[in-house]
Amino acid sequence: LGQVYQSYAQSGVFSIGEDSSTKIDRAIEFVLMVCSYLKTTAPRECDTDEVNQMRFAVAIIVGSVLDDTTKLANVPAMTQKELWENFQSWQEGVSLDIPEDFKFDSSAHVRNLVAEFSMHRNRRPNIHEVAHAAREALAALSASGYFTRESPHNVISWANKLVDMDSRLTSDLSKRVLLKPMSSNTALLDTCSNLCYSSSRLVSSLHLSIISDLRKLALEQLGQSKLFTLVLYNALDEDQRNRSSSIALLDVIYDETELSNVTGFEDEDGLLKVCQHFVQMNNRSAPEVVLEVWNRQKDEFVRVSASHTRVMGCLVPLVTALHLPHMVATGNSDKILQGLYFLTNHAVGTQWDKARALWMAIGSQPRNVAPAIRFLRERTLAMAATDFDVNTFRVAKAACGWLSATSPQQVIDQLVYTISFRALESDENDSSKTLQNNESQSLLKISSADVGIILLSELAIDHCEDFRFHLPVLAHAVSVTLLVAN
């Protein structure tokens, strides 16, 4: 029976001649009949070779008959789903079993198998060859409107598993499979861009190449900021394909004239020049890029932590271009500062130096000092209310010091204002912390004024001249604060 079905499929009776919905219906009817038989009766009546023959037969029929979306449109969605489940189970967990120097792509390999079986009648497909045919059948089904619109994540998940098999054959197949739904349903490009940061290097490279191939559509769907962030993360990647994809993305962000002014991808200095040029051409996009980078930096699935450090070092021109007071109303000011605070708090090694450069970039624009100081004060106050320890003030102290390196007078003015304004008010509504001492059970209250004094004290030695104007106010504020505390 298996030989009969295999010969029936190989003879091409479903693919020779003019296309017609009747022929497709008959082919699908035959395929469903065989699939039903394989599930119910075949396990009792057929040996492994016969089962493989029948599976191979129906897989190559679907792969050859449903070779475009117009034909797939005639197949009901539930039938497509049933076929998908069958073919997926036949190839799940099956290795490729091909030599390393294999030169054919997946579809050519299956065609060669069909030709080989036609010449050698006693030749029977093994489990690996069934899996190859099943994958081609899945590729044919994946182009349908049902999988593109209703169930695209099944296709994406399967393609990701294929590429993780680390073979040119499966890499080409997975890209061929994904290009169709991505180009016809551009909303899927958001998912594709997220997978560019996958913990799997193979998966991330696959989706970056898809974004690059569909870069014009990606620019419309994702915008310049997300594409430029992908450039930042991959322009210096060790994989030449990722570097080429980055250049292609820049090509669509800029026109050729503008791109010709951007030179150097060999090191961080070259990438820094790219950022400077981007800010000059797209000043308003700077906040979006910074926020996108913050989101990626906090994502635990980002594949290479070393790329964090590199990208942080290239953000200085973008951070310098920020106008935080204009972003307060939308909440983006606090989001940017929160992201920078998070990165500083988790910085290790050279990342601490990169964080310092970014806080100094914030302080290089005096307009940004007031929102930054307010954020640091409120953030420290909130931390003191829940987990008061020696690290509570670590980031705030460091950040204030870095801000004062570029705008000392503005930083001191803001901290003095905080102290003088809050010290004269009752601390009843300003207490942010109540701690129980294990020995004395006493209560400790940390106020906004206390935070201001602690942060200001860190700057006293380095910026004593900038304090001179405020000495009378400081003396009064400190005295009142001590009285209130007592």
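Modeller: A residue is called buried when its relative accessible area is under 20%, exposed when that area is over 50%, and partly exposed in between. The model we are discussing is a predicted one.

Biologist: Is Asp 239 buried or exposed?
Modeller: Asp 239 has a relative accessibility of 15%, and the limit for burial is under 20%. Its side chain meets that of Arg 241 in a salt bridge, with N to O at 2.9 Å, and Arg 241 is exposed at 60% relative accessible area. Since 15% falls under the limit, Asp 239 counts as buried.

Biologist: How many residues apart in sequence are the parts that the pair Lys 175 and Asp 213 ties together?
Modeller: The side chains of Lys 175 and Asp 213 form a salt bridge at 2.7 Å, N to O. Lys 175 belongs to helix H11 (residues 168–184) and Asp 213 to helix H13 (residues 201–213), so the parts that this pair ties together are separated in sequence by 38 residues.

Biologist: Are Lys 175 and Asp 213 buried, partly exposed or exposed?
Modeller: Lys 175 has a relative accessibility of 24%, while Asp 213 has 42%. Because the middle class lies between the limits of 20% and 50%, Lys 175 is placed in that class, and Asp 213 likewise counts as partly exposed.

Biologist: Which helix holds Lys 354, the partner of Glu 268?
Modeller: Glu 268 and Lys 354 form a salt bridge whose closest N and O atoms are 3.4 Å apart. Glu 268 lies in helix H18 (residues 268–281), and the pair ties together parts that are 86 residues apart in sequence, because Lys 354 lies within residues 351–363, which form helix H24.

Biologist: Within what arc do the buried residues of helix H12 fall?
Modeller: Helix H12 (residues 188–195) has as its buried residues Leu 188, Leu 189, Cys 192, Ser 193 and Leu 195. An α-helix has 3.6 residues a turn, so residues three or four places apart point the same way. Viewed down the axis of H12, the buried residues line one face of the helix, because they fall within an arc of 160 degrees.

Biologist: Which residues does Asn 185 contact, leaving aside its neighbours within four places in sequence?
Modeller: Asn 185 lies in the loop between H11 and H12, and it is buried, with a relative accessible area of 11%. With those sequence neighbours set aside, Asn 185 is in contact with Thr 148 and Arg 149.

Biologist: How many contacts beyond near neighbours in sequence does the stretch of residues 426–443 have in the model?
Modeller: The chain has a mean pLDDT of 82, and 79% of its residues reach 70 or more. Over residues 426–443, however, the pLDDT is below 50, and the number of these contacts in the model is 32.

Biologist: What share of the chain's residues is buried?
Modeller: The chain has 30 helices and 2 strands, and it exposes about 23,000 Å². Of its 486 residues, the buried ones make up 51%.

Notes:
Residues are numbered from 1 along each chain as its sequence is written. This is a predicted model: local features need pLDDT of at least 70, side-chain atom pairs count only at pLDDT 80 or more; totals for chains, interfaces and linings use all residues. Side-chain values use heavy atoms; hydrogens and water are left out. A salt bridge is a side-chain nitrogen of Lys or Arg within 4 Å of a carboxyl oxygen of Asp or Glu. Helices (H or I, at least four residues) and strands (E, at least two) are DSSP runs, numbered from the N terminus. Buried means under 20% relative accessible area, exposed over 50%, partly exposed in between (1.4 Å probe, protein chains only). The arc is that of the directions from the helix axis to the C-beta atoms. pLDDT is the predictor's confidence in each residue, from 0 to 100. Contact means heavy atoms within 4.5 Å. Accessible areas come from the Shrake-Rupley method with a 1.4 Å probe; for residues, only the protein chains shown count as cover.
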